[in-house]
Amino acid sequence: MQTSRGPFRPFRLLATLALALAAATFGLGTATAQPSKRGGTLIVGVEGEPGSLTAHLATDTAAMMVAYNLFNGLIGLDEKLDPTPDLAEKWSVSPDGKVYTFELAKNAKWHDGKPVTADDAEYSFNEIIAKVHPRAGSWWPNVASAKATGPHTFVITLKAPYAPFLTLVASVLSSGTLVLPKHIYMGTDPKTNPANQKPIGSGPFKFAKWERGSFIELSRNDDYFKAGKPYLDRLVFKIMPDASARLLAFERGEVDFLHWYIVPYDQVAKLRKDARFQLIEKGDAAATNGLLLMNHRNQYLKDVRVRRAIAYAVDRNDIVKKALFGEAKVAKSHVGSGLAWIYTDKFDYAFDPARANQLLDEAGFKRGADGKRFALRIHWASGRDYEGRAAEIIKDNLRAVGIDVTVLVLDRPSFIDKVFRNWDFDLANQLFTTGPDPSISVTPRYHTNQIKKAPFVNGMGYTNPEVDKLFDAEFTEVDRTKRAAMWRAIQQHLMADLPALPLFEVPPIHAASAKYRDIVTGSQGYIESRENAYMVR
Amino acid sequence: MSLRPSLLLYVARRLLQAVPLVFVIILINFFLIHAAPGDPVDFLVGTMEATPEYLEGLRREFGLDQPLPVQLWRYVSKIAVLDMGYSLRFRQPVFELIMSRLPATLLLMGTALVVSSIVGILLGVAAARRPHTATDHAATFVALAGYSMPVFWLGQLLLIAFSLHLNWFPTQGMYDLRAPSDGWGRIVDVAHHLVLPALTYSVYHLALVYRLMRVKMQETLALDYVTTARAKGVPERRVVYVHALRNAVLPIVTVIGLNFGFMLAGSVLTETVFAWPGMGRLLYEGIQGRDYPVLMGLFTCLSVMVILVNIITDVVYAVIDPRVVYR
């Protein structure tokens with residue numbers, strides 16, 4: 001052995017050197033583990049051009065996805081739908097549930113260098129959100145005043161206790177409450193201020209470039225008030241309108257992240273097997289359900305026995321399996337199971353066509369000579385192909401119990417016109433959010449005072465005074481246990497009366513490149529700020 | 001070749017005649033767009049509830065609460081002074097929006113139109129010189145396939161073949177966002193992104209030009225003056241490319257001009273599949289959101305472009321064919 005050592009010596013030397021070098025590099029790497037999260041670009045695919053890059057003008061999701069990186073809310077929402085700090089480092093609620101005090105971070109700065117103060121919050125809430133945001137009308141009337149009481153202290157006083165308040169303020173998609181810079185907006189029309197297209201915010205990223213129709217580029221805010229964050233150097237939103245081409249681009253690595261509702265469910269199984277990608281299955285604070293709306297003005301559907309017969313006749317497991325490729329769950333209530341503190345599946349219907357036939361007979365709609373009882377139409381809006389597949393399955397299911405169904409598809413604006421503005425429908429497939437708080441997303445669908453010719457409210461014409469009474473009482477109940485009991489009673493009524501049949505819970509499945517971590521950390525998954533996202537090296 | 005004074009007069013008159021035509025088009029577009037069911041306000045408000053007062057406020061702000069004739073009058077009186085109004089969704093002047101999208105469409109369409117016209121003419125000539133051979137039949141088959149293939153499907157096929165499997169070309173957009181470049185690098189980058197959409201865009205047009213050129217060239221080559229030229233001993237290439245081509249290409253010019261309108265319409269599909277940031281996409285998004293001012297602005301722009309191209313086609317005709325007399 002000794003004799004054979006000679007000729008190999010130079011290699012040994014080299015090998016040792018290489019090893020030492022590697023150790024040094026590795027050592028350096030571990031010593032600076034934290035900064036190594038820094039750097040890189042995340043390219044996010046969006047399905048359409050946003051109208052603006054702020055949250056106060058509309059409820060445009062693409063705009064929100066960008067805006068949340070440029071601005072901060074007062075607070076955020078974690079995965080359990082509990083509030084987390086954002087601009088406000090801490091907050092407190094008075095014992096009577098009426099006064100909310102927010103202490104803002106003292107080191108937060110606007111992208112132009114000016115400090116963020118409680119004045120900005122006061123101005124944003126009173127002058128912009130309350131006056132311009134489409135949703136403000138539904139919750140702002142509860143507010144008595146919103147005032148800056150110190151340079152960094154912001155106090156909101158309510159007229160009466162309002163249980164969903166904190167959740168609302170935390171949920172940007174529901175309330176639009178991102179804080180805007182007073183010095184940029186004061187004295188201008190907040191709807192047409194040029195800053196809506198080139199925002200100056202306080203968020204983890206700064207606006208860099210908006211190439212119309214093509215992409216929006218943000219760059220790291222080096223002065224961000226949350227130490228060390230964000231980790232990425234650049235954040236780019238690429239506008240990609242075509243579903244199949246978007247997926248091809250994702251597979252080729254041209255984009256790194258597709259949020260859940262632009263990932264087709266038939267592709268999920270394939271992506272799951274591919275090591276280049278990861279699926280992030282969380283982050284829909286809105287707990288969205290797919291429902292079959294039933295028009296109570298229809299001569300057959302106005303009979304609760306017919307509605308229950310439909311609930312027994314529709315094979316919802318089959319819809320989940322075939323329309324959503326097994327990626328969803330059957331919805332068993334008008335509230336999503338994500339709202340664990342109130343959700344109950346106790347009042348659900350089992351698949352039972354015999355029972356359906358029996359109920360239809362009892363209702364007096366006997367089968368004719370051709371085996372048919374009566375005819376109904378089912379409408380769906382193009383865009384979500386799983387709703388179309390669900391409609392076809394429902395058609396087959398109902399034909400089996402003697403109801404003749406015609407499936408009709410419209411583009412979304414025409415669908416809204418027909419179903420919600422003209423009430424000219426029998427059955428319709430529609431997604432309804434049920435979170436982050438049911439008061440703001442469930443109540444408006446089924447309350448009698450929401451029978452209005454407006455989109456996404458009670459177009460079914462459902463009315464039950466007992467449910468209305470519960471709706472009117474629950475949101476003033478500050479005791480969470482009592483409130484949950486009231487919501488379980490509401491679910492029992494809704495499942496018995498069936499203004500709509502819950503079909504499936506839309507699963508949030510985001511697709512991302514395996515090279516990134518922490519792209520989604522909270523419950524507002526697809527719109528949340530990417531301040532936590534980083535690249536693995 | 002100098003333009004004759006009569007031609008300039010002719011162009012001036014055609015332009016003047018175009019003005020009432022544009023107004024009639026605006027009128028028709030206005031009623032068509034407003035006849036479609038759906039409401040821009042619904043789109044803006046999105047999928048959650050907004051109060052009726054808010055909806056009414058928006059409608060008032062956009063002037064949608066007024067009767068249609070009033071809305072039309074407001075629009076026409078603005079467009080008369082070339083003001084296209086504000087986009088409901090982007091809250092930006094429509095003119096700015098259209099101008100920001102125009103270059104991408106012109107680049108894509110111009111490339112496709114030029115390449116497919118030249119290649120179509122050359123292929124047509126080649127086929128006409130050797131009719132009824134195997135090559136001719138194969139070319140005819142390919143042309144027919146290209147002519148009848150839906151644009152969005154062809155686009156998908158090209159993406160799967162050349163992007164996903166061969167990895168030659170990017171799939172979406174105009175720029176590489178991971179490695180942004182400047183100057184020459186940027187031009188190369190855009191050209192790289194341009195290949196597939198331009199190819200998709202060209203196929204239909206190429207097939208059309210090729211088929212027409214082949215027939216016209218065959219007809220022309222059988223004419224007496226061509227036989228005479230050959231008898232005089234003019235080289236065959238000269239006979240074909242100088243004597244015959246000049247006559248055979250005339251109807252092609254008309255078809256290229258006419259096709260311009262169809263290509264503008266086709267831009268919606270191609271631009272959507274390839275995420276090309278042009279006017280076609282703006283139109284698509286405008287329809288989705290019922291953004292009336294954007295739709296009206298785009299339709300008006302497109303109509304004006306088609307009318308202009310028609311006039312240009314006629315002028316080109318005159319330049320190529322001195323026999324054409326304008327009155």
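The model is predicted, so local features need pLDDT of at least 70 and side-chain atom pairs count only at pLDDT 80 or more, while totals for chains, interfaces and linings use all residues. Residues are numbered from 1 along each chain as its sequence is written, chains are lettered from A and ligands numbered from 1 in the order in which they are written, and side-chain values use heavy atoms, with hydrogens and water left out.

**Where chain A meets chain B**

- Let's start with contact, which means heavy atoms within 4.5 Å. In this model, 61 residues of chain A are in contact with 48 residues of chain B.
- The size of an interface is often given as the accessible area lost when the parts come together. Buried area is that loss for two parts, found with a 1.4 Å probe and summed over both.
- Chain A and chain B bury about 4,700 Å² between them, and 53% of this is on carbon and sulfur atoms. On the chain A side, the residues that lose the most area to chain B are Arg212(A), Leu248(A) and Arg252(A), together 14% of what that side buries.
- A polar contact is a pair of N or O atoms within 3.5 Å; within protein, one must be able to donate a hydrogen and the other to accept it, and residues adjacent in sequence count only if both atoms are side-chain atoms. Between chain A and chain B there are 20 residue pairs in polar contact, with both residues at pLDDT 80 or more.
- Helices (H or I, at least four residues) and strands (E, at least two) are DSSP runs, numbered from the N terminus. Among the elements of chain A that each supply at least two residues to the side touching chain B are strand S1 (41-46), strand S8 (205-211) and helix H8 (243-251). The largest share of that side, six residues, comes from H8(A).
- For residue classes, Ala, Val, Leu, Ile, Met, Phe, Trp, Tyr, Cys and Pro count as nonpolar, Asp, Glu, Lys and Arg as charged, and the others, Gly among them, as polar. The side of chain A that touches chain B has 24 nonpolar, 17 polar and 20 charged residues.

**Salt bridges between the chains**

- A salt bridge is a side-chain nitrogen of Lys or Arg within 4 Å of a carboxyl oxygen of Asp or Glu. The structure holds 42 salt bridges over all chains, and five salt bridges are found across the interface of chain A and chain B.
- Arg186(B) pairs with Glu211(A) in a salt bridge whose closest N and O atoms are 3.7 Å apart.
- Lys191(A) and Glu61(B) form a salt bridge at 2.5 Å, N to O. Lys191(A) lies in the loop between helix H7 (182-185) and S8 of chain A and Glu61(B) in helix H3 (residues 52-62) of chain B, so this pair joins two chains.
- Buried means under 20% relative accessible area, exposed over 50%, and partly exposed in between (1.4 Å probe, protein chains only). Lys191(A) is buried at 18%, whereas Glu61(B) is partly exposed at 38%.

**Domains of chain A**

- Domain bounds come from an automatic or database domain assignment. For chain A it gives domain 1 (6-69 + 203-284 + 509-535), domain 2 (75-185) and domain 3 (289-505).
- The centres of domain 1 and domain 3 of chain A, taken over C-alpha atoms, are 38 Å apart. Six residues from domain 1 and four residues from domain 3 take part in their contact.
- These two domains of chain A, domain 1 and domain 3, bury about 480 Å² between them, 66% of it on carbon and sulfur atoms. In domain 1, Tyr265(A), Asp266(A) and Ile509(A) lose the most area to domain 3, together 77% of what that side buries.

**A closer look at some residues**

- Seven of the 10 residues of helix H10 (residues 304-313) of chain A are buried. Asp303(A) caps the N-terminal end of H10(A), with a side-chain oxygen 2.8 Å from the backbone nitrogen of Arg305(A).
- Ser214(A) is found in the loop between S8 and strand S9 (215-220) of chain A, and it is buried at 6% relative accessibility.
- Lys322(A) and Asp318(A) meet in a salt bridge (3.1 Å, N to O). They are four residues apart in helix H11 (residues 316-323) of chain A, so about one helical turn separates them.
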